[in-house]
Amino acid sequence: MTAFKSDFLQTMSQRGYLHQCTDNAALDALAQQPGGITCYVGYDCTGPSLHVGHLLSIMMLRRLQQAGHKPIVLMGGGTTKVGDPSGKDEARKLLTNDDIAANMASIKTAFGRFVSFGDGPSDAIMANNAEWLDKLQYIDFLRDYGRHFSVNRMLSFDSVKLRLEREQPLSFLEFNYMILQAYDFVELARRYKCNLQMGGSDQWGNIVNGVELGRRVHDLSLYGLTCPLLTTAAGHKMGKTASGAVWLNEDMLPSYDYWQYWRNCEDADVGRFLRLFTDLPLDEIARLEALQGAELNEAKKILATEATALCRGRDAAEAAADTAKKAFEQGSFGGALPVVKIARDRLDAGIEAFALVLEAGLAKSGGEARRHIRGNAIKLNDKPVSDEVQKITAADLGADGQLRLSFGKKQHILIEAA
């Protein structure tokens, strides 16, 4: 492991964020200067929320700001119209300008909990690459910048090569993405003196292109740094579960479910996730990851609460932890469980068990819901449901007007009459 002198790169290395860097020594020297780094990470606006898969790069911006440097959150209002081919087998669905604007407005709400925005030297700023990409005159742009890119080299990057090896079509529109991303870096350097771009390791080729374009066109000293692409200890992609993506926005995923995602991590991931996704001191993390057996569950609860506090606020995190304690340790419902409202007249008539499991989001299809029931994985008010077409009615509601539907020991939904 490289011995860094700057607080920023020491933290990045010790906590496991550092994968590749274009020039370790030069960036380390720059990071030792107060406010020496202005760094950006880009986020395209393909949906209304980012998910846990994006969280690593957001935490990198947080570490950068904690070390006294300036983060730039770049919204891809322009590049979203093109689509990044990195890691994808097919072209991204093209969105309208209105779709992109709505997604951008929704995505922005997540960042305020991780980095502080303002006008100070290390305060974060948010930019939108549509400000410059939408104004490009294409022929002039190709003449001034396209000549600095070798098609031979572009074909060697994984984002392109893997798509071609799988014989999946790669449109000329997508092929332009890496040029536009490189231009983003140069434009941010001009506007904000940005000198570092960070991202996942799948962005390495795109980042290097930006570093080289800045040097060739304006003799700029730019740097690139990537984090590893994270998978769980079992090899699963971060941010994905059987029931869908783990969204950062609360209107897309209740805080209780977000807390449960971290609580349910594998034993082998506890220490790594504590280092990457919480602000706990490293010595405390070392103590927690050394726990064994049932004691390790306490470390998982701490991980869940600390990670949720960063994303949703301390009150939401503690409410989720309290709900879990009531649900699992005291046998009561707890007030923060996700609630699904069902029309009273439907409950009066009765809903078949498999249909209610599906409607509650505990299965992706009717067939899967039936399999859950046949496998004795579904409980109604803590009692097993054995009949797939058993009618669940208003009579099953408790005195509080709710019933609890459970899948296994860790997924619980409250059903109440609307």
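Modeller: In this predicted model, L196, M198, W262 and F277 touch the most other members of the largest nonpolar core, which has 69 residues. Such a core is a set of buried Ala, Val, Leu, Ile, Met, Phe, Trp, Tyr and Cys residues joined through side-chain atoms within 4.5 Å; buried means under 20% relative accessible area, with a 1.4 Å probe and protein chains only. Leaving aside residues up to four places away in sequence, F277 touches Y17, L55, L56, M59, L230, M238, W262, A307 and L310, a contact being heavy atoms within 4.5 Å.

Helix 1 (residues 7-14) has F8, L9, M12 and S13 buried; helices are DSSP runs of H or I with at least four residues, strands are runs of E with at least two, and both are numbered from the N terminus. Viewed down the axis, the buried residues of helix 1 fall within an arc of 125°, so they line one face of the helix; the arc is taken over the directions from the helix axis to the C-beta atoms. Their packing partners are helix 2 (24-31), helix 3 (55-66), strand 5 (196-200) and strand 6 (223-227). Just after helix 1, G16 adopts a positive phi of about 95°.

For the protein as a whole, 50% of the 418 residues count as buried, and the secondary structure comes to 19 helices and 15 strands. Of the contacts with a separation of 6 or more, 73% join residues 24 or more positions apart.

Residues are numbered from 1 along each chain as its sequence is written, and side-chain values use heavy atoms, without hydrogens and water. Local features need pLDDT of at least 70 and side-chain atom pairs count only at pLDDT 80 or more, whereas totals for chains, interfaces and linings use all residues.
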